[in-house]
Amino acid sequence: MGSDESYNFVFKVVLIGESGVGKSNLLSRFTKNEFNHDSRTTIGVEFSTRTVQLDNYAIKAQIWDTAGLERYRAITSAYYRGAVGALLVYDISKHLTYESVDRWLKELFDHADPHIVVMLVGNKRDLDTLRTVPTEEAKDFAEKRGLMFMETSALDSTNVENAFNEVLKAIHKKVASREVTRGSICAVTLSNPPSEAQEGRRNCCRST
Amino acid sequence: MVSEHLHCEDKREYETKSGRAGPGNPTSPRHSVRKNLDFEPLSTTALILEDRPANLPAKPAEEAQKHRQQYEEMVAQAKKRELKEAQKRKKQLEDRCKLEESIGTAAQIWNQEILPNWSTTCTSRRVRDLWWQGIPPSVRGKVWSLAVGNELNITHELYSICLARAKEKWRTTPAPSLETEAEDAGSSNRESSLELIKLDISRTFPQLCIFQQGGPYHDVLHSILGAYTCYRPDVGYVQGMSFIAAVLILNLDTADAFIAFANLLNKPCQMAFFRVDHSLMLTYFAAFEVFFEENLPKLFAHFQKNNLTPDIYLIDWIFTLYSKSLPLDLACRVWDVFCRDNEEFLFRTGLGLLRLYQDVLTTMDFIHMAQFLTRLPDLIPAEQLFQHIAAIHMTSRNRKWAQVLQALQKDPERGSPVLKH
């Protein structure tokens, strides 16, 4: 892990999915190695960062943890803009949270960069005895839609690190192949031509 | 700190060689060592007083002297530190007592002078000043109720009826059905569902452990939120409401808490937010920015440069009326004046917070500011915050908050570009 202030890339990643699937805990597990049994409802959006070392690059993941409430979606979808990665989270023990994945995807592709890297994440794998979403089903679905897939447990840390790192790696691969970045420190976007890449950092936060 | 066993190992040597262990007691038990020290060292600093082990060359006298001196200095410093700590604790206790005394006095004034003559006293200068200093917890609920009022004319009976209806609904809908999920994507049906309220109750002030399953106020919070979804099915349950209801429950009886809750949510700003009326929310953000630029031009420019838009932090602050982002006692003080000054005070508080943390914010980039503002420090100095809020002027070119807001509503194009699709 590199220090917070020295990095080569900034990747904006959003956490989306229904209320209560464990988005905030996935994030705190990844950035602080913490799990909170009584976490608070996320209202609007919260932020966290972590710098990881991939190959020879320090990559700063800037993670936007959004509220899952349906009613907020109109607000939170504005925060997808500029994101280069997304973890779409459902709860393996609550089938309804899996059924809404399609709606989330639509929302995401309506507002985010079309080249965004998306991973479908089945969280709460520790609740295997209460499972209502079979792994194979979700895996097939993800494959069909061209999404990455992983089952995680923020509670016992299973795959949390992996999930984030795989997404960051995939983004990095796309970025490297497109050569969209200039300079040593730059927030990246996936679709912009190189000349606009310098603007990346701004784009990543702007909602217009 | 060096671990204890390291200290023990050398104790015997220390006893015999330093000669402090007391004469005629050469093989004294270990525990007597500490008793004989003038000052109990906080760590192993006393070790520097010891001679070297026998297999090493002895310490020169000069060095021993130097070590003694160093040790004494350390002890003196530690003592000074302890004294300072003790003084600080004493001061804290005194402050606490003073505060409690002033709360007691204030409670008396509110109870005996202000509340009995509410309609005539509530607008007086003196009451307004007292109000600003914070309403004593014992009368807080009463004052909030009076200040919020009951424009909706909700009676205790109406609350009972709404609650009964909610309970009936919960009984007849065993589990959220798939059909309603699919059909009513846009309606508030899903959000008013028992499931969501249940989920959120467990995540409302979890650290207090009183609203969670099995806690004393769990059912009350559940009842108020459920009754509200029956009272206003068009609004339903929206996240953030559980925090507002919880704060009210802490200060009022159930039915009165419900009345205050429904009336609070009925205020224009709260309606705009809880119905997620986009364009109106944008107008509020734009009005906030007008006063932001006016009051804190440098910070405003810094935020603009970093593309930090007010929605990022204001959404959480406004939806929960600061009850999630500020320590509870401080949030209650904000509520005190919010009940007096209405929505304007919510935005003024926001600007007060930005003013309080102006110096640190100007050194940060987008992500650090966003992180800071969506998760404020655990300890926020109340008096300081209120001083900063007081320093915020809610006039812009001779226009007050309401006028600025109105002007922006008429001309939405001038609004903030935030959240526009």
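User: Is A:Arg50 buried or exposed?

Analyst: Buried means under 20% relative accessible area, exposed over 50%, and partly exposed in between (1.4 Å probe, protein chains only). A:Arg50 has 12% relative accessibility, so it counts as buried. Keep in mind that this is a predicted model: local features need pLDDT of at least 70, side-chain atom pairs count only at pLDDT 80 or more, and totals for chains, interfaces and linings use all residues. Residues are numbered from 1 along each chain as its sequence is written, chains are lettered from A and ligands numbered from 1 in the order written, and side-chain values use heavy atoms, leaving out hydrogens and water.

User: Which residue forms a salt bridge with A:Arg50?

Analyst: A salt bridge is a side-chain nitrogen of Lys or Arg within 4 Å of a carboxyl oxygen of Asp or Glu. Here A:Arg50 pairs with A:Glu161, with the closest N and O atoms 2.8 Å apart. That links distant parts of the chain, 111 residues apart: A:Arg50 sits in strand 2 (residues 45-54) of chain A and A:Glu161 in helix 6 (residues 160-178) of chain A. Helices (H or I, at least four residues) and strands (E, at least two) are DSSP runs, numbered from the N terminus. A:Glu161 is partly exposed at 35%.

User: What about B:Asp316 and B:Lys324?

Analyst: Their side chains meet in a salt bridge (2.9 Å, N to O). B:Asp316 is buried, with a relative accessible area of 5%, and B:Lys324 is buried at 5% too. Salt bridges with shared partners join A:Glu46, B:Asp316, B:Lys324 and B:Arg375 into one network.
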